[in-house]
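Welcome! Here is a short tour of a protein chain, written for someone meeting it for the first time. Take a look at the structure, then read on.

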Amino acid sequence: MTLPAPKMSALSRRRFLQTAAATGCLGLAAGPLFPRAAGAQTPKGVISGSHWGVFRAEVRDGRAVAFTPWEGDPTPSKQLPGVLDSIYSPTRIKYPMVRRAWLEQGPGADPDGRGSGDFVRVSWEKALDLVAAELVRVREQHGATAIFGGSYGWKSPGKLHNCRTLLRRMLKLNGGFTTSSGDYSTGAAQVILPHVVGSIEVYEQCTSWQNVAEHTELMVFWGANPLNTSQISWQVADHGAFPGIDGLKQAKTKVICIDPIRTETCAALDGEWLAPRPQTDVALMLGIAHTLQAEGLHDQAFLDKYTSGFELFLPYLTGESDGVPKSADWAAAICGLSAETIRDLARRFAGNRTMLALGYSTQRQHHGEQAPWMLVTLAAMLGQIGLPGGGYGLSYHYASGGAPTHAAPVLPAITDSPGQSAAGGAEWLTGSGDASIPVSRLVETLLNPGAEMDFNGSKITLPLIKLAYWAGGNPFSHHQDRNEMLRAWRNLETFIVHDFQWTASARHADIVLPATTSYERNDIEQVGDYAMSHIVAMKQIIEPQHEARSDYDIFAGIAERWGRRYDFTEGKTEMEWIRGFYEAAKIESRARGMEMPVFDVFWDSNEPLAFPLSDTERNFVRHAAFRADPLLNALGTPSGRIEIFSRNVEKMGYDDCPPHPTWMEPVERLGGPTTRYPLHVATNHPIHRLHSQLCGTELRKLYEVAGREPCWMNPQDAAARGLQDGDVVRVFNDRGQILAGVVVTDVIRPGVIRISEGGWFDPADAREAGSLCKYGDVNTLTTGIGTSRLSQGNCGQTAMAEVEKFEGVPPAVTVFSEPVTG
């Protein structure tokens, strides 16, 4: 079948080349880049882009009054009103600010006072002088590695105003810094999977939605919910997952959703909902695998030809090596599904062309390396990897993975090394500083300088860090165990933050510099992390608000104080950088036989520039080339095959990450042997925001309960605690306590509550670690331990807690207003 055509303007390859040949550059003689039907009105508004998609902005008297989705967006984001509101939110940072104690008493003064407000407004000249001098002081007194170039997080898209890259570029001019590697989203998977399939897999293209709709008979969404998580993209969202889901619906594909929550995706596809106990997915997968092997349903020929080490894994699976067969009955006792259900899953998986789509949440837990490894093993036993509609996909729920890739050139970007040519790439996956730590181990580093840490077969000596510099991220949201983090933050002498809103991170900073939103500056970006369907001009919509400056200008100002401004800017203006990126892509496009219009035509057209889509990409099958010729297209593993047993991992000797996929008890879980608290906390991606972004906007009205973050709860659990819809509750464990508002619903498994990540941290007493969070930051409850010594990923889905009704008058939420200033 054919997927519903996206409602977007697109030139066929033939039309593209014909137009290019006739005019010398696309659109130059034809008028608009996308010719419109006779009589059609030209859309109004300035074109731009965001994590939520391409849009047009209407401006009146210098103020943005409406963001209208681009007419080519197949499913526009309902979050765009919040994007607009963020510009004018009461949480907007207006001026450079310095914490009074730090300003008057010097670096390191009153660290417990961070978060309690009392900022002093200073001029930009004063602020930049302070920052430039402090960076030099820390480097001279403690060494360059004492400066942590944090800036982790979902910074705004754009090839120039990439604040993380710009921060590192500036810090290199000061002599260096400590950086981080990996990310919070896929910290465990991206380390284990190169040992298993030779690549990180989680950010790579999976079999196209078109192909899945045509060939998949059974689609399994395992902890994956693309109708929620594909609202946004790292670049500019294309929303290609939505027509993909529509294609499955039209094809009447059988769907199974394995998740403690009946997700939007499950509901839209009328999927079969199975809700095992959270953090028991590996046991469930093993039970399915055992049934496949015991009933002769596995594909031994595929295992022999395309995998390595199954014979070493088999004794564990059958129980020969440890006396415990990983049977369906064994798995049922752990995961809470019946043994017959597990055996039925094995038979249905083997009896259909099956696609296993795994979400990232399954590896953001203790021993998180095991889930993706075991899923790949399960897919290998089914023998459908590389076949149309079969195998596995690890990016279906991220940024519209599966939307087919267009024939677009790679738009380059500014680099973190002054003087180097611009380049693209996922810069967050590898460090580029003088020292590097796994990204989610910063708190551990602050608490244990000089200690040794295992990481992926190596030893890391944790550096002494005295200054952390953040731009474009919110560590007081995305990091786990907030109170341990507060204790670690006392060891910093200085914390510097760029942002445009008073997030919890900004409130806990010593120096706060007001940055522009991406709608107050110019940039350029590609549409779709996987689709790369268009290049869009991210045009400046309004003038910078209050005294906000772009990160580029801020860092250039700091470099100027060291006599290095030219080294930072290379003598280029904002528009000169953007023009250069476009011209480099134009050269690559020409080499492919396509001709892009000249830059001025593109920029003035006020339209995204489309690129063609081939039938090959429309029908892309992950690992088809490997299946066709495993020698010529060998994987990047030592054997060139899928490694069910990894000799490399075996050599590391980690007791918390064996050399084959293994069930290991997490530190705490629902139904586990050592659990103190009765309810598992599911920290899902929020429905109405991007992590913590847009929490400080009007969108909060769509979901808050009694002014707090919502806490979904099954009716059984609510009744057992005498709770009703709308009650304010205290959710607590040994790590912390928060307030939340109850939502009683039967779409969540008994024994599980849902509090979405990204709620802004709002302590009742910022000076007291363990103080009640008044709004509902769920990472006050999660554990900060690493997944294992292999990847040191985060355990954001590992948390057990209790819920009780809050008695008395709840304290007022204050995090969405300006802190005290002087």
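This is a predicted model: local features need pLDDT of at least 70, side-chain atom pairs count only at pLDDT 80 or more; totals for chains, interfaces and linings use all residues.

- The chain is divided into domain 1, made of residues 188–397 + 622–644, and domain 2, made of residues 679–805.
- For the contact, domain 1 provides 28 residues and domain 2 provides 27 residues.
- Between the C-alpha centres of domain 1 and domain 2 there is a distance of 28 Å.

**A closer look at the interface**

- The size of an interface is often given as the accessible area lost when the parts come together.
- Here, about 2000 Å² is buried between domain 1 and domain 2, and carbon and sulfur atoms give 59% of that area.
- How many salt bridges does the rule find across the interface of domain 1 and domain 2? The count is zero.
- On the side of domain 1 that touches domain 2, α6 (189–196) and α8 (226–229) each supply at least two residues.
- Of the elements on that side of domain 1, α6 gives the most, with three residues.

**Positions listed in the record**

- An unreviewed UniProt entry lists W154, R364, N474, H478, R521, D551 and N779 under "binding site".
- These positions are spread over 626 residues of sequence, and in space they lie up to 35.2 Å apart between C-alpha atoms.

- You can find D551 in helix α21, which covers residues 551–560.
- Is D551 buried or exposed? D551 counts as buried because its relative accessibility is 5%, and the cut-off for buried is under 20%.
- Leaving aside neighbours within four places in sequence, D551 is in contact with C163, L166, A471, H498, A515 and R521.
- One of these contacts, R521, is also on the UniProt "binding site" list.

- Where is N779 found? Look in the loop between β28 (752–754) and β29 (800–805).
- N779 has a relative accessible area of 4%, so N779 is buried too.
- Not counting residues up to four places away in sequence, N779 touches S477, H478, H479, Q480, D481 and R482.
- Among them is H478, another position that the UniProt entry lists for "binding site".

Definitions and conventions
Residues are numbered from 1 along each chain as its sequence is written. Side-chain values use heavy atoms; hydrogens and water are left out. UniProt positions are given in the numbering used here, feature names are shortened, and annotations may be inferred rather than shown by experiment. Helices (H or I, at least four residues) and strands (E, at least two) are DSSP runs, numbered from the N terminus. Buried means under 20% relative accessible area, exposed over 50%, partly exposed in between (1.4 Å probe, protein chains only). Contact means heavy atoms within 4.5 Å. Domain bounds come from an automatic or database domain assignment. Buried area is the accessible area (1.4 Å probe) that two parts lose on being put together, summed over both. A salt bridge is a side-chain nitrogen of Lys or Arg within 4 Å of a carboxyl oxygen of Asp or Glu.
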